[in-house]
Amino acid sequence: PCRSVLTVACEQTEVLLFDPISSKHIKTLSEAHEDCVNNIRFLDNRLFATCSDDTTIALWDLRKLNTKVCTLHGHTSWVKNIEYDTNTRLLVTSGFDGNVIIWDTNRCTEDGCPHKKFFHTRFLMRMRLTPDCSKMLISTSSGYLLILHDLDLNKSLEVGSYPILRARRTTTSSDITSSGSSGPRAVGSPCHQNDSGLLSEKHVSRSSQREGGSPRNSLEVLTPEVPGERDRGNCITSLQLHPKGWATLLRCSSNTDDQEWTCVYEFQEGAPVRPVSPRCSLRLTHCIEEANVGRGYIKELCFSPDGRMISSPHGFGIRLLGFDAHCSELVDCLPKEASPLKEIRSLYSHNDVVLTTKFSPTHCQIASGCLSGRVSLYQPKF
């Protein structure tokens, strides 16, 4: 958060640390995990968490990197995503076992820390919290986007059953269950009709309704509109949130792997007319087709700290994209219909497919990493 360290998650058990200003290599955690390291998340300016295909999460302290603070066990498959709720100081992780797990890092010991399974869905790809931690978004490989509204990670509710979602790339169905949710708000979306149908009113828990509002942790299931996708289905591989909470940024690939898109969806707030009415909290505002190289690998894109630009992996480099040619705020250039993102500049410095890119939170600086392990840093020339 204070931009003093750039951390890099590597495929072969390593975590690299650099000084982003001098580009100096600080340290290599050569055996940070027993398998590929997938994601890194800072909890504050010294404590950070890493997750791995070895099914564990590790906590580290920048002041003492020779050993882990602790190792967290709870997932049963590859752990791909880490979030941190700054309001409750709870760590939130998700993995390919379909589980979203909550960890109380305030009560950690050398043996781990207390945790509980908060949510489960098959085909889970990525999970994110909005900047104010009021919503949780979950993307799936079957093309669905799940939104938990009015999020309360501490709420203890009975496990409820959610409607069946049918995978769009297979004939298998998936059950969604949650240990922190009352009842679904709506299934389906005005954007696309799907085969999951609408809930009957008896499935909505009236006791969980707050007066004049919606239930805590109420679920919305969407099939985001993706250009060119039509009836073929898509996989939502990357999921990011606008730093001001105005929009979500998705990277989608078609099920036939012949197209890849970057899409921006504006949040449309407001409750449905009735609790069981279909709603669509997201509206596609901007999109652009990507290079579609490095098939099978996830490309992680990101917003700039002010939300005016997007940095997107594109072939052997990155593209800087804006909502218009002047890098205006999203709210100042919302189109009536979906419009193309504007390419501001392309930067190519790699000799392999770029998989990840990140803006510095405080400096005019961008980092990118490619499949062969090279990390590049870019700064504008004034």
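The largest nonpolar core of this predicted model has 19 residues. By a nonpolar core I mean a set of buried Ala, Val, Leu, Ile, Met, Phe, Trp, Tyr and Cys residues joined through side-chain atoms within 4.5 Å. Buried means under 20% relative accessible area, exposed over 50%, and partly exposed in between, with a 1.4 Å probe and protein chains only. The residues with the most contacts inside this core are V92, V100, F118, F119, M136, I138 and L153. At least two residues each come from β9 (90-95), β10 (99-103), β11 (115-120), β12 (124-129), β13 (136-140), β14 (145-149) and β20 (218-222). The greatest share is that of β12, with 3 residues. Strands here are DSSP runs of E of at least two residues, helices are runs of H or I of at least four, and both are numbered from the N terminus.

Let us take I138. Setting aside neighbours within four places in sequence, I138 is in contact (heavy atoms within 4.5 Å) with residues including V100, F119, M127, L145 and L239. Another core, of 18 residues, lies apart from the largest one, and I147, I236, L239 and L284 are among its members.

A word on the basis of these values. Residues are numbered from 1 along each chain as its sequence is written, and side-chain values use heavy atoms, with hydrogens and water left out. Because the model is predicted, local features need pLDDT of at least 70 and side-chain atom pairs count only at pLDDT 80 or more, whereas totals for chains, interfaces and linings use all residues.

For the protein overall, the secondary structure comes to 0 helices and 32 strands. Of its 382 residues, 56% count as buried. Among contacts between residues at least 6 apart in sequence, 52% join residues at least 24 apart.

I turn now to H242, in the loop between β21 (234-241) and β22 (247-254). Is H242 buried or exposed? H242 counts as buried because its relative accessibility is 0%. The side chain of H242 reaches the backbone oxygen of G307 at 3.4 Å. Beyond four places in sequence, H242 also touches P131, A247, F303 and D306.

Next, D324, in the loop between β27 (317-322) and β28 (339-340). What does the side chain of D324 reach? The side chain of D324 reaches the backbone nitrogen of C327, at 3.0 Å. Leaving aside neighbours within four places, D324 is in contact with C333, K342 and I344.

For T13, in the loop between β1 (6-9) and β2 (15-18), phi is near 70°. For N217, in the loop between β19 (184-186) and β20, phi is near 55°. T13 is buried, with a relative accessible area of 19%, and N217 is buried at 0%.

How values were computed
A polar contact is a pair of N or O atoms within 3.5 Å; within protein, one must be able to donate a hydrogen and the other to accept it, and residues adjacent in sequence count only if both atoms are side-chain atoms.
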